[in-house]
There are 2 protein chains.
Amino acid sequence: MEAPVAILAGGGALPLALAHTLRQQGRPVEILALRGFADRDTRRAAGAVRDLLDARGILDVLHAWRPGAICLAGYVHRPGPLALLGAYSAFRNRELISRLAAAGDDGLLRGVVNLLEDQGFTVAGVHALAPGLLAPAGVLGEVSPTAAAAVDIGFALLGSLAPYDVGQAVVVAGTRVCAVEGPEGTDAMIARVRKLWGSGRLPRSDQAPVLVKTAKTGQDLRIDMPVIGPRTVRCAAAAGFAGIAVGAGQTMIIDHAATVAEANRRRMFLVGVSPAG
Amino acid sequence: MEAPVAILAGGGALPLALAHTLRQQGRPVEILALRGFADRDTRRAAGAVRDLLDARGILDVLHAWRPGAICLAGYVHRPGPLALLGAYSAFRNRELISRLAAAGDDGLLRGVVNLLEDQGFTVAGVHALAPGLLAPAGVLGEVSPTAAAAVDIGFALLGSLAPYDVGQAVVVAGTRVCAVEGPEGTDAMIARVRKLWGSGRLPRSDQAPVLVKTAKTGQDLRIDMPVIGPRTVRCAAAAGFAGIAVGAGQTMIIDHAATVAEANRRRMFLVGVSPAG
């Protein structure tokens, strides 16, 4: 029997979407849900639930499953200082914990990948296991993209931000950068723009904001694949956005059909843009 | 008698601080307060109050004053669509208004400078008229700067953002970028970090955030000089920041003595960093 894919599942809808896709492909799947991050549905579908910092427990489960590949899916955040303290005794060594404590989310996940590879596991990205979940290039809905300048500025800006441990999404209206995503995440950033707009400090009508989201240049896509889904579209629509542009092949779309339908219903454009050659 | 400096006064404490400094130097000063932006104290000290879009009214006042130089000081924002509509009849032409409507704050202020220069006025920056208000290089308070890596990352990131119409301040904790300033301004950005910190999603203790603020590389300092003051220090202290680093000669400090005293009281470092190279 084929070795399963073990999904190390954080928050959001991506872990179950990935599990669904893999099973449709006929691949056996095991889900290890990370307590405090994985959604309830994910935890229910999981064969095991462990704390992010319970390295020993996580490794025991994974070794028992003998997965052909491990895939990190869904968001996790760097744990707080108390959680780290609790892990001192269980985890490999103080130095590693200290480094994780100092790192951003990226650094944390890179540490997890290194740890798993040290243990002989293969770590694969969602994009490699389920390329069908990636945003394709082109116009994805019924609404033709507008605001080409804002979209271009958004991708250029994200390119400039690539060397920094910062978010992977920006909002641009006209030539104006309305927001750069920080640790708050895309939905909270969109809510911020909504508030700014309400206060009259942002352009309106033909200068409606657009969300631009894509993976960092040179990003290890196994670690942090940007994701959009129907909820992203609803948030952006509520904030008066004209549309969403994502990096083709560099962004996952959770439930493609529902996402496109939502965009059509809200008369927002949705476009996948290939990275500039 | 020497021709006065005309201060075109937006919001914040900078216009009065500038007026005070200039008068100490023995220069006559006239203040034109921009309604809806200038603080109450500024409006009281002003010889005239006009709407930002009342170009004819503003030019009439300025021509009557025959200023040796005009200085834009204090913040203004791009006016909303209704204000722009109202200005169609009064202002020069529809094309200019449309361009201002599409521009960010930078574009708006550049348009104002161009308009004033077209009319034969000299537009001077606060930095040129009152260099004593600029942040000097070096440690400005009692607390020795820490978080050198975060400060370096902050300045590098602001350098990367220079080509974009986006804020001039960032918050970095460790190697993590916690926030990039958008149109919401520095205080609101700091409040955002405070909230993130409260939610446990940011590093703590030795990784306390630092505010880094400086003018964009190549920025016309007559248009948008970044400013800090005692209030900035109070906001940052309330959010648990370790300190503030500003670009020496590229940032104004409103009330230097009070700002340094506030930083000392809060045990925060305050440092002016000379541009690299």
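Which residues are linked with A:R234 in a network of salt bridges? The network joins A:R234, A:E262, A:R265 and A:R266. A salt bridge here is a side-chain nitrogen of Lys or Arg within 4 Å of a carboxyl oxygen of Asp or Glu. Over all chains, a search of the whole structure finds 20 salt bridges.

This is a predicted model, in which local features need pLDDT of at least 70 and side-chain atom pairs count only at pLDDT 80 or more, while totals for chains, interfaces and linings use all residues. Residues are numbered from 1 along each chain as its sequence is written, chains are lettered from A and ligands numbered from 1 in the order in which they are written, and side-chain values use heavy atoms, with hydrogens and water left out.

Chain A as a whole comes first. Its secondary structure comes to 11 helices and 12 strands; helices (H or I, at least four residues) and strands (E, at least two) are DSSP runs, numbered from the N terminus. Of the 277 residues of chain A, 57% count as buried. Buried means under 20% relative accessible area, exposed means over 50%, and partly exposed lies in between, with a 1.4 Å probe and protein chains only. Contact means heavy atoms within 4.5 Å. Among contacts in chain A between residues at least 6 apart in sequence, 73% join residues at least 24 apart.

A:I70 gives one view of the interior of chain A. A:I70 lies in strand β4 (residues 69–73) of chain A and counts as buried, at 0% relative accessibility. Leaving aside residues up to four places away in sequence, A:I70 touches A:A6, A:L62, A:L116, A:F121, A:T122, A:V123 and A:A124. A:I70 and A:L8 are 62 residues apart in sequence, and their C-alpha atoms are 7.0 Å apart in space. One of the residues touched by A:I70 is A:L62, which is among the buried residues of helix α3 (residues 55–65) of chain A. After α3(A) comes A:R66, with a positive phi near 45 degrees.

Next come the salt bridges, one pair at a time. In chain A, A:D187 forms a salt bridge with A:R231, and the closest N and O atoms are 3.0 Å apart. This pair links distant parts of the chain, since A:D187 is in helix α9 (residues 186–198) of chain A and A:R231 is in helix α10 (residues 230–238) of chain A, 44 residues apart. A:D187 is partly exposed at 23% relative accessibility, whereas A:R231 is exposed at 55%.

In chain B, the side chains of B:E262 and B:R265 meet in a salt bridge at 3.1 Å, N to O. These two residues are three residues apart in helix α11 (residues 256–265) of chain B, so about one helical turn separates them. An α-helix has 3.6 residues a turn, so residues three or four places apart point the same way. B:E262 also forms a salt bridge with B:R266, where the closest N and O atoms are 2.9 Å apart. B:E262 is buried, at 6% relative accessibility. B:R265 is exposed at 57%, and B:R266 is partly exposed at 36%.

How do the helices of chain B pack, and at what angle do α10(B) and α11(B) meet? α10(B) and α11(B) pack at an angle of about 15 degrees, with their axes 8 Å apart. Axes are lines fitted to C-alpha atoms, for helices over the stretch in contact, and angles run from 0 to 180 degrees between N-to-C directions. The two helices are therefore roughly parallel to each other; angles under 35 degrees count as roughly parallel, over 145 as roughly antiparallel, 65 to 115 as roughly perpendicular and the rest as oblique. B:P230, B:V233 and B:R234 of α10(B) make the contact with B:A258, B:T259, B:E262 and B:A263 of α11(B).

On α11(B) there is also B:A257, which counts as exposed at 56% relative accessibility.
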